[in-house]
Each structure stands twice: as structure tokens, then as C-alpha cells.
Amino acid sequence: ALKEKLLPFEERVLDLDRGEQRAQDYRTRSVTARVPCIEHDGFTLSESLAIHEYLEEVFPLPPIFPTDLQKRARARQVLGWLRSDLMPLRDARSSETMFYEPVTTPLDERAAAAAGKLLDTAERLIPGGEGPLFGAWSIADADLAFMLQRLIANDDPVPERIRRYASAQWQRPSVQAFVNHARPKR
């Protein structure tokens, strides 16, 4: 339903390896030359958290953040942390390894430490019943599951409880639409 609300929009897939995000046309539209970037009613916006918050305010139903203020703040904390504190893991297990070819090399010391931090935090965040983090699905569930999939897709060790949580989030129709979206051949 959200995609229909955003239409008409131009869907573009950028080749980041070729630096298409640094092309003048894209930099003009994105401002920061970062991906992802959305365009809505002539307004372009990049940076994931800014996009999440914009979409929540423009299209409040269904909500993508918890409605409870403390849970909403915790969701923002999780989203910010996922993007700022796990770079060695992102480098060792890029999202390309989830959609193209997994890697077989073991995690180096820094990436293993980041993976340990991710798994420890996931263990503390995921409720005992393994349902959504805040009682109802939020964008933080999707982003946490996405980060966990970096390990799962590459056969790195992930405790079964965390694996089940990530798998359940991965099966959501909205997430599956993203996962199964056509990507350029490698």
C-alpha cells in the first residue's frame, strides 16, 4: 500500500560499484549522495532514519514506529545503533552477500567482535516469545532482521532463537517484496 501512495515515482537501481551515487544528477537529487533516497511530490530525501520518520509522518497508517513514546524512542535507538556501531560487520558481510554470492571467509577479529555485539544486543532485545521487539511490528524489526541476515546468509553462527526471530521478520510480505525485488546481475 505504501508503494501506491508514493506513486508516481521513478524507481532507479544504482550501481554503487561504478559510483553512480556520485553522479551529478544523483547528487543534485539526493543532496548527500547517499542511498537509499526517495522522491515524493518533488521532494527528495536520503538517509534511512530520515526516510523512515518522513514516511511515518506523511503516511501514519499503518504505523512503522511504535506508538508508545518510550518504545518509539527505543526503536530509534536501535535504528541509529544498527547504522553506526557495526561497520566492521557491514564491511565483512555486505548486503551483496545476502542477495548475490555469500562469502566463505571467516570474520576477522573486528567483524567477529561486531557480530558478537549484534547477537548480544539481539538476545536482550528479542522478547521471550520471539515476536516483534515492541509488541507490534516496527521498522526496527525489519532493520534488525536485515542486519542479522548478514550473518545467517553467510552461514555464520547465530543462536537458533535469534535465527527464528530474523526468519519470521524476513517472511513479512513487505520485507519479501524488497528481498525479491529485481536486482542487476553480477
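Is Gln 169 buried or exposed? Select Gln 169 in this predicted model: with a relative accessibility of 5%, Gln 169 counts as buried. The tour returns to this residue after a view of the whole chain.

**The whole chain**

Display the chain as a cartoon. There are 10 helices and two strands, and from the N terminus the order of elements is α-α-β-β-α-α-α-α-α-α-α-α. The radius of gyration is 17 Å, close to the 16 Å given by the globule rule for 186 residues, so the chain is as compact as a globular protein of that length. Along the principal axes, the C-alpha trace extends over about 45 × 40 × 25 Å.

Switch to a surface. The chain exposes about 11000 Å², of which carbon and sulfur atoms supply 55%, while 39% of the 186 residues count as buried. Among contacts with a separation of 6 or more, 52% join residues 24 or more positions apart. Colour the charged side chains next: 26 are positive and 28 are negative, and the centres of the two sets lie 1 Å apart.

**Confidence**

Colour by pLDDT before examining details. The average for the chain is 86, and 91% of the residues score at least 70. Select helix α1 (residues 2-6), which has the lowest mean pLDDT among the elements, 45; then select helix α7 (residues 109-125), which has the highest, 97. Over residues 1-9 the pLDDT stays under 50, and the model has 11 contacts beyond four places in sequence for this stretch. Where pLDDT is low, the predicted coordinates should not be read in detail.

Move to the loop between β2 (43-46) and α3, where Glu 47 is found. Glu 47 has a positive phi of about 85° although it is not a glycine. Its relative accessible area is 31%, so Glu 47 is partly exposed. Most residues other than glycine have a negative phi, and most peptide bonds are trans.

Continue to the loop between α3 (48-58) and α4 (69-84), which holds Pro 62. Select Leu 61 together with Pro 62: the peptide bond from the former to the latter is cis, with omega near -10°.

The residues touched are Val 103, Thr 105, Pro 106, Leu 107, Arg 150, Asn 154 and Asp 156. Arg 93 has a relative accessible area of 1% and is therefore buried.

Asp 155 is in the loop between α8 and α9, and it is exposed, with a relative accessible area of 70%. Asp 155 also has a positive phi, about 60°, although it is not a glycine.

**Ile 139 in helix α8**

Select helix α8 (residues 139-152), in which Ile 139 lies. At a relative accessible area of 12%, Ile 139 is under the 20% cut-off and therefore counts as buried. Show the residues that Ile 139 touches, apart from those up to four places away in sequence: His 52, Ile 64, Phe 65 and Leu 79.

**Helix α9 and the return to Gln 169**

Select helix α9 (residues 160-170) and show its buried residues: Arg 161, Ile 162, Tyr 165, Ala 166, Gln 169 and Trp 170. An α-helix has 3.6 residues a turn, so residues three or four places apart point the same way. Next display α6 (96-99), α7, α8 and α10 (173-179), which are included in what covers the buried residues of α9.

What is in contact with Gln 169, leaving aside its neighbours within four places in sequence? Pro 132, Trp 137, Asp 141, Ala 145 and Val 175 are in contact with this residue, which lies in helix α9. Finally, select Phe 146: its C-alpha atom is separated by 8.7 Å from that of Gln 169, the two residues being 23 apart along the chain.

Technical notes: Residues are numbered from 1 along each chain as its sequence is written. This is a predicted model: local features need pLDDT of at least 70, side-chain atom pairs count only at pLDDT 80 or more; totals for chains, interfaces and linings use all residues. Side-chain values use heavy atoms; hydrogens and water are left out. Helices (H or I, at least four residues) and strands (E, at least two) are DSSP runs, numbered from the N terminus. The radius of gyration is taken over C-alpha atoms; the globule rule is 2.2 Å times the number of residues to the power 0.38. Buried means under 20% relative accessible area, exposed over 50%, partly exposed in between (1.4 Å probe, protein chains only). Contact means heavy atoms within 4.5 Å. Accessible areas come from the Shrake-Rupley method with a 1.4 Å probe; for residues, only the protein chains shown count as cover. Lys and Arg count as positive and Asp and Glu as negative; His and the chain ends are not counted. The place of a charge is taken as NZ of Lys, CZ of Arg, CG of Asp or CD of Glu. pLDDT is the predictor's confidence in each residue, from 0 to 100.
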